[in-house]
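Me: I've got a chain open in the viewer and I'd like to learn how to read its fold. Could you walk me through it?

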Amino acid sequence: MRAIPAGCDLILVASELEQIGQHAHREAPRECCGVILTRGTGRQIIEAKNVQDLFGPPSAERAFRVDDGSLQRILTLCQDGWRVAVIYHSHTNGFPGLSARDREAAVPAGRPLYPGAEYLVAAKRARHADGAWTFSAYAWERGEYRLAPLTVQEASGAASENLAASDAPLG
Ligand SMILES: [Zn+2]
């Protein structure tokens, strides 16, 4: 597989988007959450558990909180040279953007909690079981997370398509 270049656009492998969509589908109507880690040309998805119901309200249908076990696993991998490239979660109310709460969590003190990481939101109304998930990417730019082009690369590195959604008001 061709190396995925760094840059402001979020470039995912098609199988990653498929896996995240499946994760979101399994968890619905709860939000799913996880990360994509990269090291050199290596990439791996860590599917985290959403333990928001232990801390809510809001419930895990409206928010997410990564479980300690997954956080520890991610931390250990980062100490081994992996970095958090993408933080993803789902919105089962269909809202395709980062909510005010998402932004607060991502930028707790005016600075990104995970510099260099981009955010991916998979959105679908949970009751529309057959519909496809809409994916939106957000990159840190000029002091806030802004909608960024999302490119999906086939494993061969040949084909790509742009799935960027239109920006949406904060929810
Ligand atoms: Zn959210």
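Reply: Let's go from the overall layout to the sheet, the core and a few backbone details. Keep in mind that this is a predicted model.

Me: How many helices and strands are there in the chain, and in what order do the elements run?

Reply: There are 3 helices and 9 strands. Starting at the N terminus, the elements go β-α-β-β-α-β-α-β-β-β-β-β. As for contacts, take those with a separation of 6 or more: 63% of them are between residues 24 or more positions apart.

Me: Now the sheet. In what order do the strands lie?

Reply: First the general idea: strands of a sheet pair through backbone hydrogen bonds, and they can do that parallel or antiparallel. Here, 6 strands make an open sheet, ordered β3-β2-β4-β5-β6-β7, with mixed pairing. Its edge strands are β3 (42–48) and β7 (144–148), each of which pairs on one side only. On average, neighbouring strands of this sheet are turned by 25 degrees against each other, ignoring direction.

Me: Which helix packs on the sheet?

Reply: That's α2 (residues 68–79), which touches β2, β3 and β4. The direction of α2 makes about 160 degrees with that of β3.

Me: Can we zoom in on β2? Which strands is β2 joined to by bridges?

Reply: Strand β2 (residues 33–39) runs antiparallel to β4 (residues 83–91), and 6 bridges join the two. One place to look is Thr38, which stands opposite Arg83 in β4. β2 is also antiparallel to β3, with 7 bridges between them. There, Arg39 has Gly42 in β3 as its bridge partner. β2 and β3 form a hairpin with 2 residues between them, and Gly40 in that turn has a positive phi of about 60 degrees.

Me: On to the core. Which residues touch the most other members?

Reply: Generally, in soluble globular proteins, nonpolar side chains tend to be buried together. In this model the largest nonpolar core has 36 residues, and Val86, Leu120 and Ala122 touch the most other members. The elements giving two or more residues to this core are β1 (10–13), α1 (14–27), β2, β4, β5 (118–123), β6 and β7.

Me: Where should I look for cis peptide bonds?

Reply: Look at omega. Gly56 and Pro57 are joined by a cis peptide bond with omega about 5 degrees. Another cis bond joins Pro57 and Pro58, with omega about 0 degrees. Pro57 lies in the loop between β3 and α2, and Pro58 is in that loop as well.

Terms used. Residues are numbered from 1 along each chain as its sequence is written. This is a predicted model: local features need pLDDT of at least 70, side-chain atom pairs count only at pLDDT 80 or more; totals for chains, interfaces and linings use all residues. Two strands pair if DSSP finds at least two bridges between them. Helices (H or I, at least four residues) and strands (E, at least two) are DSSP runs, numbered from the N terminus. Axes are lines fitted to C-alpha atoms, for helices over the stretch in contact, and angles run from 0 to 180 degrees between N-to-C directions. Two residues are in contact if their C-beta atoms, placed from the backbone, lie within 7 Å. A nonpolar core is a set of buried Ala, Val, Leu, Ile, Met, Phe, Trp, Tyr and Cys residues joined through C-beta atoms within 7 Å. A residue is buried if 20 or more other C-beta atoms lie within 10 Å of its own, exposed if 12 or fewer, and partly exposed in between; C-beta atoms are placed from the backbone.
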